[in-house]
Amino acid sequence: WREGCPEAVAVTLVQRAIGAGIFNDLGSGSNCDICILRTDGTKDYRRNDVKPNEVAPLRAQVNKSSLLSMIPGLTPTIGNPIIQPHPARVSLADVDVVMETVEH
């Protein structure tokens, strides 16, 4: 940034800075929103101004098998579940709370 920087140059600078964050941080999103606040009080909010990792073309190329169609919330298992649920139900009413003191 510099004093008197044209708006278009400043927007490009911000886009490049956010893009660097997106590519160097796996937890970041995959697009760039820009909000321009001008000294005259006007605002310009640009949602998804830059999409460096557009995923729609990649998703369109994936061949999806009808065998893998599952309703939301369903996780199939092969054979018996590895973890068997405990047969007894336990609640907080079944637990005794004991106060302990710690010496330092």
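## R38 and the basis of the model

R38 is partly exposed, with a relative accessible area of 29%; that class lies between buried (under 20% relative accessible area) and exposed (over 50%), computed with a 1.4 Å probe on protein chains only. The model is predicted, so local features need pLDDT of at least 70 and side-chain atom pairs count only at pLDDT 80 or more, while totals for chains, interfaces and linings use all residues. Residues are numbered from 1 along each chain as its sequence is written, and side-chain values use heavy atoms, with hydrogens and water left out.

## Overall architecture

Two helices and two strands make up the secondary structure of the chain; both kinds of element are DSSP runs numbered from the N terminus, helices being H or I with at least four residues and strands E with at least two. Their order along the sequence is α-β-β-α.

The chain has 104 residues, of which 7% count as buried. Among contacts (heavy atoms within 4.5 Å) with a separation of 6 or more, 22% are between residues 24 or more positions apart.

## The β1-β2 hairpin

Strand β1 covers residues 32-37 and strand β2 residues 43-50; the two run antiparallel and are joined by five bridges, where pairing requires at least two bridges found by DSSP. Together β1 and β2 form a hairpin with five residues between them. In the turn, G41 has a positive phi of about 95 degrees.

I36 faces D44 in β2, and C35 is placed opposite Y45 in β2. The covered face of β1 consists of C32, I34 and I36; D33, C35 and L37 make up the uncovered face. C35 is partly exposed at a relative accessible area of 47%.

## Salt-bridge network

The whole structure contains four salt bridges, each defined by a side-chain nitrogen of Lys or Arg within 4 Å of a carboxyl oxygen of Asp or Glu. E7, R38, D44 and R46 are linked in a network of such bridges.

R38 and E7 meet through their side chains at 2.7 Å, N to O. This pair links distant parts of the chain: R38 belongs to the loop between β1 and β2, E7 to helix α1 (residues 7-24), and they are 31 residues apart. R38 also has a salt bridge with D44, with the closest N and O atoms 3.7 Å apart. D44 in turn bridges to R46, where the closest N and O atoms are 3.0 Å apart.

Leaving aside residues up to four places away in sequence, D33 touches I18, Y45, R46, R47 and N48. The side chains of D33 and R47 are joined by a polar contact of 2.5 Å. A polar contact is a pair of N or O atoms within 3.5 Å; within protein, one must be able to donate a hydrogen and the other to accept it, and residues adjacent in sequence count only if both atoms are side-chain atoms. A polar atom of the D33 side chain also lies 2.8 Å from the backbone nitrogen of N48. Between D33 and K51, 18 residues apart along the chain, the C-alpha separation is 9.1 Å.

N48 belongs to strand β2. Its phi is near 55 degrees, a positive value in a residue other than glycine. N48 is partly exposed, with 27% relative accessibility.

## Cysteines

The count of disulfides is zero, a disulfide being a pair of cysteine sulfur atoms within 2.5 Å. The accessibility of two cysteines can be stated. C5 is buried, with a relative accessible area of 18%, whereas C35 is partly exposed.
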